[in-house]
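Colleague: Could you take me closely through one part of this model, the contact between the two chains, and then tell me how it sits beside the rest of the structure?

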There are 2 protein chains.
Amino acid sequence: MRSYCYAVRMPRVVDHAERRRQIVFALWLVIAEQGIEGVSLRHVAAEAGVSMGRIQHYFGTKEALVLAGCTALVDSAYGGYLETADAAPRDRLLHVVSQQIPQDDGGRIGVSVWYAYVAKSINHTAVRQVLAEARRGAEEECVRLIRAGRGAGADAEDPAALDQARRLLALADGLTLRVLVGDLEPDEAVAMLEAEVDRI
Amino acid sequence: MRSYCYAVRMPRVVDHAERRRQIVFALWLVIAEQGIEGVSLRHVAAEAGVSMGRIQHYFGTKEALVLAGCTALVDSAYGGYLETADAAPRDRLLHVVSQQIPQDDGGRIGVSVWYAYVAKSINHTAVRQVLAEARRGAEEECVRLIRAGRGAGADAEDPAALDQARRLLALADGLTLRVLVGDLEPDEAVAMLEAEVDRI
DNA sequence: GGTTTTGCAATACGATCGCATCGTAACAGG
DNA sequence: CCTGTTACGATGCGATCGTATTGCAAAACC
């Protein structure tokens with residue numbers, strides 16, 4: 001029971017986190033292909049090539065699995081942002097608002113899953129909280145980047161920057177949707193966001 | 001079989017359209033409360049206070065019911081727009097882009113149902129086509145209103161107006177979402193849209 | 001008033017669902 | 001080798017699903 005070694009302490013040693021990642025990825029694929037309505041333990045298990053029992057073992061209930069898929073999605077986006085740590089504020093700002101525009105198939109999957117969760121968040125408290133926190137974080141980060149870009153110090157409040165951040169993020173959401181349903185080309189959407197960023 | 005009279009030609013006369021309206025309204029309520037996942041013929045029947053058989057009689061399948069709910073939603077929004085026929089172009093433009101911001105409970109229901117359909121449109125061709133056509137219509141109308149507002153004639157193309165229309169509509173979608181999940185007050189969203197309209 | 005057609009309620013059916021349970025293979029520590 | 005614990009695969013259960021089917025009441029038409 002007591003663990004003297006650092007990483008491995010269990011019998012039948014497996015990489016717990018890796019197993020969870022595989023299952024969550026299969027969940028995303030199912031959501032992207034069939035929508036959140038199409039999510040069932042059996043479908044996800046088939047997509048991942050594992051048994052239903054495995055999913056139950058790692059996530060317990062369907063509810064928990066779906067929620068884990070949501071937090072994993074948010075974490076993944078945040079990880080992508082952290083990689084831009086040494087870029088200029090203007091470029092980082094552009095990354096935050098245009099990162100979700102689907103440029104390839106992988107991006108399409110991610111953003112269609114994201115929209116599925118957005119719709120779910122309307123009637124699902126836990127999902128709503130996860131997305132709300134992510135959104136607050138993105139908004140604050142945008143405000144910081146806007147202020148850094150114009151060379152302002154860390155002030156208490158900045159209504160103008162907040163307003164611009166909100167407009168930028170809302171615009172990004174709306175444009176993302178257009179691209180997703182095929183009404184708009186990714187290039188056009190990014191160009192519009194770039195113009196908006198440079199107007200600040 | 002042959003119908004000599006104009007309106008009524010059937011035995012057991014009922015208002016077919018009215019019955020469909022009642023069922024579709026119950027469908028919207030179910031979607032708003034439980035999301036599209038929660039839609040089942042039994043739930044909708046219970047919400048409408050009718051039997052499942054009635055729904056089958058009027059819509060045939062669940063698929064057809066859901067799609068009818070989508071077109072009815074679009075038609076309803078279009079009807080609201082037509083009522084502004086004698087307003088100034090600037091006010092009509094503001095109506096188009098801010099009409100979906102939920103101001104009361106009725107508005108919340110409508111827009112949460114609308115977002116449910118948006119998510120569904122990602123994986124559902126028929127819904128996507130209905131929404132795409134509505135969006136194209138809104139975009140064209142915005143272009144017309146923008147050009148009318150600045151006193152321009154009916155010209156062939158106007159890239160600047162198209163760009164502004166797209167930005168306005170995308171911004172409206174994004175702001176609507178924020179209001180829906182409670183991140184933003186309706187007043188603030190409308191104020192931002194108004195500022196954007198007046199900047200044109 | 002009988003016939004025909006429509007409007008629906010009731011129900012039955014097979015598929016699928018989430019989840020609980022059970023059994024067991026694999027491995028760490030003694 | 002033995003024991004305990006973990007990691008599952010397999011299976012079963014009750015609920016719920018969409019839809020097909022059946023049957024009957026009410027109204028229009030002859």
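Modeller: The contact draws 38 residues from chain A and 37 residues from chain B, and since everything here comes from a predicted model, please read each value as computed from that model. Between them, chain A and chain B bury about 3300 Å², with 57% of that area on carbon and sulfur atoms.

Charged groups also take part, for 9 salt bridges are counted between chain A and chain B. One that you can find in the view joins K120(A) to E37(B), where the closest N and O atoms are 2.8 Å apart.

On the side of chain A that touches chain B, the elements giving two or more residues are helix 1 (16-34), helix 6 (105-121), helix 7 (125-149), helix 8 (159-180) and helix 9 (186-198) of chain A. Helix 8 of chain A gives the most to that side, with 12 residues. Sorted by kind, the residues of the side of chain A that touches chain B fall into 17 nonpolar, 6 polar and 15 charged.

Turning to the nonpolar cores, the largest one holds 71 residues, and the members that touch the most others in it are V44(A), Y117(A), V44(B), I55(B) and Y117(B). If residues up to four places away in sequence are set aside, Y117(B) touches L27(B), I31(B), I36(B), V66(B), G69(B), C70(B), L73(B), V127(B) and L131(B). There is also a second, separate core of 50 residues, which includes L168(A), M192(A), L168(B) and V190(B). As background, nonpolar side chains in soluble globular proteins tend to be buried together.

R20(B) counts as partly exposed because its relative accessibility is 31%, and the class in between runs from the 20% limit for buried to the 50% limit for exposed. Leaving out residues up to four places away in sequence, R20(B) touches Y58(B), F59(B) and A68(B). With Y58(B) there is a polar approach as well, in which a polar atom of the R20(B) side chain lies 3.0 Å from the backbone oxygen of Y58(B). R54(B) stands 34 residues from R20(B) along the chain, and the C-alpha atoms of the two are separated by 9.7 Å.

Definitions and conventions:
Residues numbered from 1 in each chain as written. Chains lettered and ligands numbered in written order. Predicted model: local features only at pLDDT ≥ 70, side-chain atom pairs only at ≥ 80, totals over all residues. Heavy atoms only, no water. Core = buried A, V, L, I, M, F, W, Y, C linked by side-chain atoms within 4.5 Å. Buried < 20%, exposed > 50% of the residue type's maximum accessible area, 1.4 Å probe, protein only. Contact = heavy atoms within 4.5 Å. Buried area = accessible area lost by both parts, 1.4 Å probe. Salt bridge = Lys/Arg side-chain N within 4 Å of Asp/Glu carboxyl O. Helix = DSSP H or I, 4+ residues; strand = E, 2+ residues; numbered from the N terminus. Nonpolar A, V, L, I, M, F, W, Y, C, P; charged D, E, K, R; others polar. Polar contact = N/O pair within 3.5 Å; in protein donor to acceptor, adjacent residues only side chain to side chain.
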